[in-house]
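Work through the exercises below with the sequence and the coordinates open. Each task is followed by its solution in steps.

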Amino acid sequence: MSKEIILLLLIVVAGTGGELCVARTMQAVGPASDLRPAALIRLIVRALQNGWMWLGFLLMAVGFFSLLEMLSLENVSFVVPVTALSYGLGALGGKVFLREQVTRRRWAGVLLVCLGVGLVLIGQR
Amino acid sequence: MKTFASSPSKIYPLLVLLVILGPLGNVLLGKGMKDIGAVSSWRPADLWHFLAQLSGSGFIWLGVGCLIAFFGAYMLVLSWADYSYVQPASAVAYGMVALLGHFLLGEVVTPLRWTGVLIICLGVLVVGHTPPRTTESRG
């Protein structure tokens, strides 16, 4: 398996997994009541006390450093759209892991996004 | 029921912020990494040299700053809306990346890739017409 494919897998799987963990944290913390600095700091502190947040950081760090390495190998306008492959995984994770209601319309939107990513990929090669 | 938390008027400005900060951070990192080049080997000395180069790059620092601000906005919007809503909605960023890559870095963006970006944006519009929040807080 080429280095680029391994890096892409890490970017997509670890990156999306990390984001799902952060989303899980924010579900647990609850909505920000307002945008005043004190309220925002309380929100961040509560989030940092949640274990999912730290697992999210770890996974996102793996995804981030994979992205850094990938950016040194390929053009940014190719690398970043490829990471949109995580949309299908993200919608699935939202439904299964976060118990979100992913309606047909939302799936249709995700499908369009994935199709667009496919075209971006074909356009690169 | 539409609450403060799920109000689009609160969510959309943050999504715009995400769309600007994320791509800008990535483009700045891309520029920084292009200047530095790939890691030559995984030996500690080479890795150390690579990290030293990273920490000395203004583009890397600016990129990281943008991504930290992006993450703060991301946490906030996730406290108000579903992940499966926010993630696709932030895909407008891909159009921004293509634009920045083309105009700032001089990268070639083919018509097919522009078409892909437009379809991504269409998908985002479709997702944008679903309710932002479908779950209750677990707290």
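pLDDT is the predictor's confidence in each residue, on a scale from 0 to 100. The model is predicted, so local features need pLDDT of at least 70 and side-chain atom pairs count only at pLDDT 80 or more, while totals for chains, interfaces and linings use all residues. Residues are numbered from 1 along each chain as its sequence is written, with chains lettered from A and ligands numbered from 1 in the order in which they are written.

**Exercise 1. Find which elements of chain B have the lowest and the highest mean pLDDT.**

Step 1. Elements are DSSP runs numbered from the N terminus: helices (H or I, at least four residues) and strands (E, at least two).
Step 2. Chain B averages a pLDDT of 83, and 94% of the residues score at least 70.
Step 3. For the complex, the predictor gives an ipTM of 0.81 and a pTM of 0.76.

**Exercise 2. Describe the side of chain B that touches chain A.**

Step 1. Contact requires C-beta atoms, placed from the backbone, within 7 Å. On that basis 48 residues of chain B are in contact with 50 residues of chain A.
Step 2. Helix 6 of chain B gives the most to this side, with 12 residues.
Step 3. The residues on this side of chain B divide into 26 nonpolar, 18 polar and four charged. Here Ala, Val, Leu, Ile, Met, Phe, Trp, Tyr, Cys and Pro count as nonpolar, Asp, Glu, Lys and Arg as charged, and the others, Gly among them, as polar.

**Exercise 3. Determine where the buried residues of helix 6 of chain B lie around its axis.**

Step 1. A residue is buried if 20 or more other C-beta atoms lie within 10 Å of its own, exposed if 12 or fewer, and partly exposed in between; C-beta atoms are placed from the backbone.
Step 2. The buried residues of helix 6 of chain B are R113(B), G116(B), V117(B), I120(B), G123(B), V124(B) and V127(B).
Step 3. Seen down the helix axis, these buried residues fall within an arc of 115° (taken from the directions from the axis to the C-beta atoms), so they line one face of helix 6 of chain B.

Note on methods: Two residues are in contact if their C-beta atoms, placed from the backbone, lie within 7 Å.
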